[in-house]
Amino acid sequence: MKLFGKKSEPLPPKKNEDMPHSKLGMPYKDWMGLNENRHKWRNRRWAFLIFINLLFVVSFALDLSLLEGSLSGSRLLGFYLLDPYNSFQLLAISVRTEYLPYLTMNFVIGFFTIVIFYAIMGGRSFCSWVCPYHFLAEWAEKLHDYLVKKKKIKEHSFQRGLRYVFWAGFIILAFATERLVFETLNPVGILSRAMIYGPGLILLWVLVIIAFEIVYSKRFWCRYVCPIGATWSIIGNISPVAVKFELDKCGHCRKCQDVCLVPHELWFVTRGKATQEKHYVGSDCTRCGYCVDVCPGDALNFTVKGLDKIL
Amino acid sequence: MAKENKTNINRRQFLKSTAVATASMVAIGAGVSFIQKYKHDENDGKQLLRPPGAIEEDAFLYACIKCGLCVQICPIHAIKLAGINENLSYGTPYINAREQACDFSCDSIQCAETCPTAALYFVQFKEAGLKAIEEVQKQGPEALKNINPFKVQVVAMKKVTRIGVAKLNEKTCLSVKGKGFSGTPRGKDFKGVLRPQSKESRKAYPLREQNYEREICDLCVTECPIGEEAIKLEKNVNADGTVSYKPKVLEGCTGCGVCEMICPTEPASIVIEAGKKYEEVYS
């Protein structure tokens, strides 16, 4: 979209008779109620997230070679997978300490396998489909929204660009201190290790972040800090798997933006904003599928770019 | 105009939050450096006992990505991950030799082989194994027929391990006192396992099932997975004709910790000095 700096003119706003509810001959309110309780993708996603994390736990507990290790580095049926941000930190330190030549082939394989995989799956799909912290934060977000609605607390938001400040900052920090500083603070790794190898006092840190997200700023860690998410955002920029938006099916009810974890990615659903008949969501999208579930007109759908043209 | 104002506010807010973010990261960096230095001075060179193949501690702390693959592959569960009470070592693997020592049950130093970042460096073991085979080949084709190359390789791999050095406390050692030992060294509730040197078995048995009868306690010597290159029972005939014994640690000691685990005294009379070299301890 705005990635290359060119801004195209928005299409003229849709006329009333072109709206999907008019085509169906329904009152707008009734139309909006369509698909109200559909949770197909959410259920699939939660099932997958729990399955993956359980697979880690079971592999260790029962000594099976299915998915060994933890989310900072693992082996799936013998194939290595490494967290890229961890790898970047390690590379930064390696350059300084001349440790680079010692790195193993498994490191190279693990790094590129995961980068290629998420470049295909796109966006921050890791976040909503695998990350255990995301799962907790989703519930924290619900609680936060409830408290804001009840006017118990005020919402505080920041700029999303902050993530990239932290991204660069933690790399520099690793380089300067010769320690994987971020990995010690990383709630993803902490939760993953706690589940697999047993809990420890460090879980208190995760509790602090969750508490902060509930009472102060919605999704603070995921939105403004987490450099792992930022890494996926960069890697998943050109992915073929995405959510496709079709303007002719959209009734501009914006229910999708209400449920979206990254509402700015759905900028084109507002009446008179879309510049094309079809839009694809950007790389901040976690491919969670909330919008796909909720859309009354089925204007949003998962797609593989290019493939839908062939079929 | 209003829109321009909004961008300005946004920009100002962004700069403000960037400043806060940078400040907090600098604070974290300063904190890490402080703990690093403070702990280094306080520990006075003491460190955790790392799994076989561990590179030098300073490098180990950054090379280890805390994935726990070594923990998972260890067949006797000797490797654990450190908690936050170990400060910057949080999440890194260590061995508590007194509870469960590395007895080389895996026969291939799997923990080092599985490590994706070479924090546990496997190449040294591989080279040692190949070199040992070559040595045998040099003796001619006859020599190769009579040996099991796998075994030659395994022995050579074990021998190059250097994760620490055993150190004896002569004040409490049973054999120095001239005492023997009979029974189960660590009691009937002890959870650790050990691959007995007396059996040809490649399986580790719970130590609580083992019974030993010794006139002079020499468990650390007989159960050492490396053997006479690492530790031997020294026999001294004193001037008055009496005989005294003492287990002597030699340069071949790998620091695996089996002696520390099996030592029947409480606390153990022989302990591993983690990360130390032989010359540092015995000079």
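Colleague: What should I know before I start?

Modeller: This is a predicted model, where local features need pLDDT of at least 70, side-chain atom pairs count only at pLDDT 80 or more, and totals for chains, interfaces and linings use all residues. Residues are numbered from 1 along each chain as its sequence is written, while chains are lettered from A and ligands numbered from 1 in the order in which they are written.

Colleague: Which domains does chain B have?

Modeller: Domain bounds come from an automatic or database domain assignment. For chain B it gives domain 1 (1-44) and domain 2 (164-281). Taken over C-alpha atoms, the centres of these two domains of chain B are 53 Å apart.

Colleague: How do I read burial?

Modeller: Count the other C-beta atoms, placed from the backbone, within 10 Å of a residue's own: 20 or more is buried, 12 or fewer is exposed, and in between is partly exposed. B:His40 counts as partly exposed because it has 13 C-beta neighbours inside 10 Å. B:His40 sits in helix 1 (residues 2-43) of chain B. Helices (H or I, at least four residues) and strands (E, at least two) are DSSP runs, numbered from the N terminus.

Colleague: How do I read strand pairing?

Modeller: Two strands pair if DSSP finds at least two bridges between them. Strand 3 (residues 164-168) of chain B pairs with strand 10 (residues 270-274) of chain B, antiparallel, over 5 bridges. There, B:Leu168 stands opposite B:Ile270. Of the 5 residues in strand 3 of chain B, 4 are buried.

Colleague: What is the strand order of the open sheet in chain A?

Modeller: The order is 5-4-6, with antiparallel pairing of 3 strands. Strand 5 (278-280) and strand 6 (300-304) of chain A are the edges, each pairing on one side only. Strand 4 (residues 241-246) of chain A joins strand 5 of chain A over 3 bridges. In that pair, A:Lys244 faces A:Tyr280.

Colleague: How do I describe two packed helices?

Modeller: Use the angle between their axes and the distance between the axes. Axes are lines fitted to C-alpha atoms, for helices over the stretch in contact, and angles run from 0 to 180 degrees between N-to-C directions. The axes of helix 4 and helix 8 of chain A come within 8 Å and cross at roughly 35°. Residues that meet include A:Phe88 and A:Ile93 from helix 4 of chain A, and A:Phe170 and A:Ala174 from helix 8 of chain A.

Colleague: How many residues does each chain bring to the contact between A and B?

Modeller: Chain A brings 45 residues and chain B brings 33 residues. Helix 8 of chain A gives the most to chain A's side, with 8 residues. By class, that side has 22 nonpolar, 17 polar and 6 charged residues. Here Ala, Val, Leu, Ile, Met, Phe, Trp, Tyr, Cys and Pro count as nonpolar, Asp, Glu, Lys and Arg as charged, and the others, Gly among them, as polar.

Key: Contact = placed C-beta atoms within 7 Å.
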